[in-house]
Amino acid sequence: MALLDAQEKVWAVHITNTCVVCGGCTQVCPTNALTLQSDGVNIHLHLDANECIGCETCLGACALDAITSDWVDAPAQIVATSEWARCQSCGQIMATRAEL
C-alpha cells in the first residue's frame, strides 16, 4: 500500500454484499466497531473503522463469510442495510428480509 492510501484509510474489516444484517458480528466485536441501528423500517450495520482493532473475531462469527479484512475508509459508515420482516398479523419484527 502506498503511504497516501494508509493515511486516508485504515486496516479494518470489510463487509461484502452477501451480508444479511443478522448481527452475529456485532455480538462478538470487542470494541463495538460493528453496531446495528434501526430506523424502524430498516436495520443498518454500521462500521466505525476507527474503533476496529483488526482482531478479526467477527470473521469467525459470520456464517456467510461476508466479512473480510481490507483497507477501508476511516469514517463511521453504513456498510449493510436490510428491511425488517414483520409478522403480517401482529406487526412484530421476525427477522431481516435478507435472512428470509
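Analyst: Helices (H or I, at least four residues) and strands (E, at least two) are DSSP runs, and they are numbered from the N terminus. This is a predicted model, in which local features need pLDDT of at least 70 and side-chain atom pairs count only at pLDDT 80 or more, while totals for chains, interfaces and linings use all residues. Residues are numbered from 1 along each chain as its sequence is written, and side-chain values use heavy atoms, with hydrogens and water left out.

User: In what order do the elements of the protein run from the N terminus on?

Analyst: The order is α-β-α-β-β-α-β-β-β. That comes to three helices and six strands.

User: How is burial read, and what share of the residues is buried?

Analyst: Buried means under 20% relative accessible area, exposed over 50%, and partly exposed in between, with a 1.4 Å probe and protein chains only. Of the 100 residues in the protein, 32% are buried. Accessible areas come from the Shrake-Rupley method with a 1.4 Å probe, and for residues only the protein chains shown count as cover. The protein exposes about 6,000 Å², and carbon and sulfur atoms supply 51% of that area.

User: Which residues touch the most other members of the largest nonpolar core?

Analyst: In soluble globular proteins, nonpolar side chains tend to be buried together. A nonpolar core is a set of buried Ala, Val, Leu, Ile, Met, Phe, Trp, Tyr and Cys residues joined through side-chain atoms within 4.5 Å. The largest one here has 20 residues, and Val13, Leu34, Leu45 and Ile67 touch the most other members. Strand 1 (9-15), strand 3 (42-47), strand 4 (67-73) and strand 5 (77-86) are the elements that give two or more residues to this core.

User: With which residues is valine 13 in contact, leaving aside its neighbours within four places in sequence?

Analyst: Contact means heavy atoms within 4.5 Å. On that basis, the contacts of valine 13 include Leu34, Cys52, Cys58, Ile67 and Ser69. For the protein, take contacts between residues at least 6 apart in sequence: 63% of them join residues at least 24 apart.

User: How many disulfides does a search of the whole structure find?

Analyst: A disulfide is a covalent bond between the sulfur atoms of two cysteines. The test used here is a pair of cysteine sulfur atoms within 2.5 Å, and the search finds zero. For cysteine 52, the nearest cysteine sulfur is that of cysteine 58, 6.5 Å away. Cysteine 52 is buried at 15% relative accessible area.

User: How do strand 2 and strand 3 pair?

Analyst: Two strands pair if DSSP finds at least two bridges between them. Strand 2 (residues 34-38) and strand 3 pair in the antiparallel sense over five bridges. Glutamine 37 has histidine 44 of strand 3 as its bridge partner, and serine 38 stands opposite isoleucine 43. The two strands form a hairpin with three residues between them, and glycine 40 in the turn has a positive phi of about 95°. Strand 3 is largely enclosed by the rest of the structure because five of its six residues are buried.

User: What does the side chain of serine 69 make a polar contact with?

Analyst: A polar contact is a pair of N or O atoms within 3.5 Å; within protein, one must be able to donate a hydrogen and the other to accept it, and residues adjacent in sequence count only if both atoms are side-chain atoms. Serine 69, in strand 4, makes one with the side chain of glutamate 56 at 2.5 Å. In helix 2 (residues 24-28) lies threonine 26, whose side chain reaches the backbone oxygen of glycine 23 at 2.6 Å. Threonine 26 is buried, at 16% relative accessible area.

User: Where is aspartate 65 placed?

Analyst: Aspartate 65 sits in the loop between helix 3 and strand 4. Its phi is positive, about 50°, although it is not a glycine, and it is exposed at 60% relative accessible area. Glutamate 56, in the loop between strand 3 and helix 3, also has a positive phi, near 65°. Glutamate 56 is partly exposed, at 34%.
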